[in-house]
Amino acid sequence: MPISFTLNGRSRTADVPSSTLVSDLLRDHMNLTGTHVGCDTSQCGACVVLLDGEAVKSCTLLAPVLAGRSLTTIEGLAKGEKLHPMQEAFHTQHGLQCGFCTPGMVMTAIDLVNHNPVPTEAEIREGLEGNICRCTGYQNIVKAIQAGAAAMAASTTAAAA
Amino acid sequence: MATITGVGAAPLRKEDLRFLTGRGQYVADMKRLDMAIGVFVRSPHAHAVLKGIDASAALQAPGVLAVLTGQDVAADGLGSLPCGWAITGKDGVPMKEPSFPILAQGKVRFVGDMVAFVIAESIEQARAAAELVIVDYEELPAVVGVLEAVSDGAPQLYDDVPGNLCCDWALGDEAATDAAFAKAAHVARLSLINNRLIGNPMEPRAALAEYNPGNGHYTLFTTSQFPHVVRWLMSALVLKIPEQKVRVVAPDVGGGFGVKQFLYGEEAVITWAAKKVGVPVKWVSDRAEGFMSDRQGRDHVTEAELALDENGKFLGFRVHTLANMGGYLSTFGPNIPTNLYAPLLGGVYTTPAIYCNVKVVFTNTVPVDAYRGAGRPEATFVVERIVDVAAADMGIDRVELRRRNMIPKEAYPYQTPVLVEYDSGDPVGCLDRAETVADVAGFASRKAASRAAGRFRGLGYSTYVEACGLAPSRFAGRLGARGGLYESATLRVHPTGQVTVLIGTHNHGQGHETTFAQIVSERLGIPFENVDIVFGDTDKVQFGMGTYGSRSLVVGGSALNKASDKVIAKGRKIAAHLLEAGEQDIEFEAGVFSVAGTDRTKSFVEIALAAYVPHNYPLEVLEPGLEEQAYYDPINFTYPGGAHICEVEIDPDTGVVRIERYTGVDDVGTVINPMIVEGQLHGGIVQGIGQALCEAAIYDDQSGQLLSGSFMDYCMPRADMSPHMDVSTHSTPCTHTPLGVKGCGEVGTIGSPAAVINAVVDALSHLGVTHVDMPATPNRIWRVIQNATLPRALAAE
Ligand code: FES
Ligand code: FES
């Protein structure tokens, strides 16, 4: 069945069976493989995307949910060459190693900061409850989210000024 | 003037951008227009006779291209999965080496053993057809634990492996150790379990294979840490096809930790299948499949005894270990609990006599092989735990006991009684520094505050050493390695002076694209931005043994350093010609060739151009071009080590252990990129904390089913249980690697489990607790507290 939605700012229509998972729709039909699949029990968060701005696990959603809504994936975050402040912060704080968990971490982090613009370390750690990273030991991810939060705040202030 | 970003600088990582923007290219991301999808049919039984397979219904199912079984493997005359190590038992008896078929033959030996491969046009069709494959199993009793497997009457996995004993192996001087025990004032004793772990890199394994009938070439894209070794073993020993007609590519790989450093049956089956069905075939493991097929780690049962004199000097150390191999021998399997374990039992101490016996045992579980640290965390855990036990027994402070027995800095190089000679180190210096950073002085008041709040606080130490940089080939060969363990690098200077490095190691998170570029920037005096690192493709890179055992920088980086030497040597010849000077008068520094004592110079870029535009060039004696290759085989292992101090607080009502502070001071030799080293230490420490506090692969001892088969049942460390860590380095340069590096990939995982458990035991010591097995889950700790020998009310006094 045809499903129309906005994907990274562009209107798209996908014709897939209604049993298709959003993660499969993105990876297999839209050729957007930045959204990863790391488990089969909705535990790892490698697949997190933003649906109408809220973090969701795309491995747990069926494609028809998207109808009329707006989906942002890791590929849609940067504006041209300019990285989103959270992407930039993961880079400057060495918040990634193998990169597999990274798209989900970055999307989760943006959602976390949208809800809590100045999170404490404990709040960040709590907020990452649904995301597993096997490489970094989380310390630099936490640092990156703190730095990203500050940068996001600065860029909204700059935009408002 | 070139800006050099060299040794000790911390440039941000070159590899980040593609991962941050979703442009990484992992195997699961790859597609071919006409590709088919494969699904493995795996045994649901831990031990059974395979009486027959009826694939007729599956073959009739929609979209199915083929169903391949062990019979097809046999009909095509394919080989089995080779074991890369042939260890020899204590009486000169070679290990038992039963064959490990790529699809089961005659019997299945663990839940997840591969029985058939179903290929169809879509994943849905392949899965549906896999359900239709009828396998006739005659179930047999299973055995999953090592103690049970070696007991009389245990189910036997192999007719020709009596008692399930693969090898009865030993290292050390047994008589000298017995003599040491005979004169001991005290003997400390400890029985422990080193829990089985599942590596679980976040990217599940995957493969895509294609065959070109036009030229007979195969291409395998696979999630591997060592594509050249996969090509070598798979082509020569399993598929029996010409090695040069096989290309193996390991593109971006989402973490390895050892799990991806083996030749897997899946890789061979899918490559063989691609030719059979005539279209590319792709397989992607889901997590559940990974749990039952990724090689697992650890799983020891150990009895250790430490002999001490009346002053607490270690006189002798005796260790008996039963090591679980699972159902078959994996690529490095038997090497891990033997050669990578016993030689580390000296620790950082001067123990003069050590004897270790390891019984390597088959069971009906997933094959066990290397997982980050591989053998060395097990050794460190035994040593560092028993030191604490001895200290408590003798009433000597555990730090004081360590200091009394530590190898002093001046005593290096230090020959241990268990093969290895440590080239350099400063365990006392690491410990001093760690005690300061950890604010050990303030511990007593923090403990009092915890006690006042009704909680137990403990401090744990782990002062450890490990062997890295695998490995000197000659040495490894004596120990049973069937391959070499050198590394290779090609340094290709382009006409513009920019550089491509082709290296045999594999980057899957370690930051090689950055660290190796720093080495070239430093050596050639060219901008870091001008250096790109290529790896992971057998068609591009000459050869390589891959990435594991903290070897990439130590062995690969040394090869790259050697290739740099060769480039500079050739550049010097070219410069001598252009500057009309003698070669011996040419100096090279910071990217500039100059004639000593003059202002006549040629930049590296000018030399590169001259090499490719040889108009004014010594063609009679020198070839054009500027590209050099080097192989480096290490002289010794490297021996990183350090001191880790962990501080925990335990809530006696829930049994929850919280890590309040974690300090690591590590000696990793020369640090190329401190940011990356710190990241490696963080990740390694949290994996060790995972082993200590939550991770455990649990099998049902009757059915052999893996009970911890998903992230819901197998506890991975998460952000909220991981501590903030204070890590730093206290380095003594390695004396035999050209860059002084020792490697840092595994230190965290090796040092940390003992620090955590020692802290837990310390927190509970007032209850009479002397040992706690891993993982120290809330449930286990709560029970330990409930069953403690000293009543809590009394203990709270
Ligand atoms: S893939 Fe693991 S939570 Fe979605
Ligand atoms: S960076 Fe590898 S899993 Fe997080």
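**Close-up 1. Asp439(B) sits in the loop between helix 12 (427-437) and helix 13 (443-452) of chain B.** This is a predicted model. Phi of Asp439(B) is near 50°, a positive value in a residue that is not glycine. Most residues other than glycine have a negative phi. Asp439(B) counts as partly exposed, because its relative accessibility is 31%.

**Close-up 2. Asp52(A) also has a positive phi, near 45°.** Look for Asp52(A) in the loop between strand 3 (48-51) and strand 4 (54-57) of chain A. With 43% relative accessibility, Asp52(A) is partly exposed.

**Close-up 3. A cis peptide bond runs from Leu470(B) to Ala471(B).** Its omega is near -5°. Ala471(B) belongs to the loop between strand 18 (456-465) and helix 14 (473-478) of chain B. Most peptide bonds are trans.

**Close-up 4. Met774(B) and Pro775(B) are joined by a cis peptide bond.** Here omega is about -5°. Pro775(B) lies in the loop between helix 19 (747-764) and helix 20 (778-786) of chain B.

**Close-up 5. Chain B meets chain A.** In contact are 52 residues of chain B and 45 residues of chain A. About 4000 Å² is buried between the two chains, and carbon and sulfur atoms give 56% of that area. Leu20(B), Met202(B) and Arg718(B) supply 19% of the area that chain B buries against chain A, more than any other three residues.

**Close-up 6. Glu695(B) and Arg134(A) form a salt bridge through their side chains.** The N to O distance is 2.7 Å. Two salt bridges are found across the interface of chain B and chain A. Between these chains, 28 residue pairs are in polar contact. Helix 18 of chain B gives the most to the side of chain B that touches chain A: eight residues.

Definitions and conventions
Residues numbered from 1 in each chain as written. Chains lettered and ligands numbered in written order. Predicted model: local features only at pLDDT ≥ 70, side-chain atom pairs only at ≥ 80, totals over all residues. Heavy atoms only, no water. Contact = heavy atoms within 4.5 Å. Buried area = accessible area lost by both parts, 1.4 Å probe. Salt bridge = Lys/Arg side-chain N within 4 Å of Asp/Glu carboxyl O. Polar contact = N/O pair within 3.5 Å; in protein donor to acceptor, adjacent residues only side chain to side chain. Helix = DSSP H or I, 4+ residues; strand = E, 2+ residues; numbered from the N terminus. Buried < 20%, exposed > 50% of the residue type's maximum accessible area, 1.4 Å probe, protein only.
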